[in-house]
Amino acid sequence: MPGWLEAGLWGLLGGAALVVGAAVAWFVRVPSRVVAGVMAFGAGVLISALAFDLAQEAADTGGLPVTALSFLAGALVYVAANAVLARHGARHRKRSGGQQPSESQQGGSGAAIAIGALLDGVPESVVLGVGLLGGGGVSTAVVAAVFISNVPEGLSSAAGMKKAGRGAGYVFGVWGGIALVSALAAALGYLALGGASPQLVAGITALAAGAILTMVADTMIPEAFERTHVLTGLITTLGFLVAFTISRLGA
């Protein structure tokens with residue numbers, strides 16, 4: 001199988017988890033505390049994958065200065081883009097309660113939320129595509145982290161969309177579209193960086209990792225803490241431990 005196709009399929013798998021979460025939210029009434037608990041678990045999983053797979057691999061390959069600068073740049077880019085989208089109604093796009101505005105409350109918020117969801121998903125997909133460069137296989141821990149975290153992301157956000165009065169066409173159109181874009185981003189990441197230097201690949205990996213960590217802090221942890229409160233830290237730690245164990249077993 002061509003490398004770009006394999007990368008695209010891994011990206012599609014990660015994106016499909018968002019659709020799964022959205023479908024659960026649309027057809028099943030999931031208690032908000034359960035949604036928050038799964039979100040906290042997913043946040044811990046992602047943090048572990050960032051620390052022990054993405055950031056460490058980038059530092060080993062490209063060196064600490066490149067990794068640190070790229071990681072910070074990814075965070076800054078995400079914050080800037082997120083600030084723009086927040087002004088147009090996408091601040092609470094991952095929230096499952098009534099925080100998301102309806103289109104009548106804030107015109108253009110539907111498009112902003114869709115773009116925001118795309119902003120959250122693309123860095124993860126790029127990481128999956130880049131991980132296949134050099135003939136290596138994609139990291140099991142990273143794939144598990146993306147999938148496990150995307151299910152509650154899709155679930156929580158879709159629940160909020162439903163409460164804001166958005167229809168099934170919008171909800172599944174957004175998440176289905178993002179799943180396809182995730183596949184495309186992973187494939188393009190593989191193709192665009194196929195002949196790149198190890199330092200550039202490390203920089204791109206760290207850039208995406210910085211954006212992902214910022215996304216976790218800005219959108220996932222607030223949703224988790226609102227409902228699980230004192231248990232948030234414990235559940236996040238369990239997610240971290242599970243991902244760390246997967247990483248060690250796959251080493």
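The model is predicted, so local features are given at pLDDT of at least 70 and side-chain atom pairs at pLDDT 80 or more, whereas totals for chains, interfaces and linings use all residues. Residues are numbered from 1 along each chain as its sequence is written, and side-chain values use heavy atoms, with hydrogens and water left out.

- Phe52 and Phe240 form an edge-to-face pair, with 5.7 Å from centre to centre and 70 degrees between the planes.
- Because Phe52 lies in helix 2 (residues 32–62) and Phe240 in helix 8 (residues 232–250), this pair ties together parts that are 188 residues apart in sequence; helices here are DSSP runs of H or I with at least four residues, numbered from the N terminus.
- Phe52 also pairs with Phe244, and this pair is tilted because the ring centres are 4.7 Å apart and the planes stand at 55 degrees.
- Since Phe52 lies in helix 2 and Phe244 in helix 8, this pair ties together parts that are 192 residues apart in sequence.
- Phe52 is partly exposed at a relative accessible area of 33%, Phe240 is partly exposed at 28%, and Phe244 is partly exposed at 28%; buried means under 20% relative accessible area, exposed over 50%, and partly exposed in between, with a 1.4 Å probe and protein chains only.

**Aromatic cluster and charges over rings**

- Trp26, Phe27 and Phe172 form one aromatic cluster.
- The ring of Trp26 has the charged end of Lys162 sitting over it, 5.0 Å from the ring centre, the criterion being that NZ of Lys or CZ of Arg is within 6 Å of the ring centre and within 35 degrees of the ring normal.
- The charged end of Arg166 likewise sits over the ring of Tyr170, at 5.4 Å from its centre.

**Helix 1**

- Helix 1 (residues 3–27) has 25 residues and reaches 36 Å from its first C-alpha to its last, close to the expected 36 Å, which is taken as 1.5 Å times one less than the number of residues.
- The buried residues of helix 1 include Gly3, Gly11, Leu18, Ala25 and Trp26.

**Second largest pocket**

- About 330 Å³ of space lies in the second largest pocket, the volume being the space filled by probe spheres set on grid points that are joined across faces, edges and corners.
- A pocket is, on a 1 Å grid over the protein atoms alone, an open set of points where a 1.4 Å probe fits, with protein on both sides within 12 Å along at least five of seven lines, and lining residues have an atom within 4 Å of a point.
- Of the 15 lining residues, Ala25, Arg29, Val30, Ala159 and Lys163 lie nearest the centre of this pocket.
- Helix 1, helix 2 and helix 5 (140–163) each supply at least two residues of the lining, and helix 5 gives the most, with 4 residues.

**Two buried positions**

- Pro123 is in helix 4 (residues 109–130) and counts as buried at 13% relative accessibility, and its C-alpha atom is separated by 8.8 Å from that of Ser182, 59 residues apart along the chain.
- Ala211 is in helix 7 (residues 198–228) and counts as buried at 9% relative accessibility.

How values were computed
Rings of Phe, Tyr and Trp (its six-membered ring) pair if their centres lie within 6.5 Å; planes under 30 degrees apart count as stacked, over 60 as edge-to-face and the rest as tilted.
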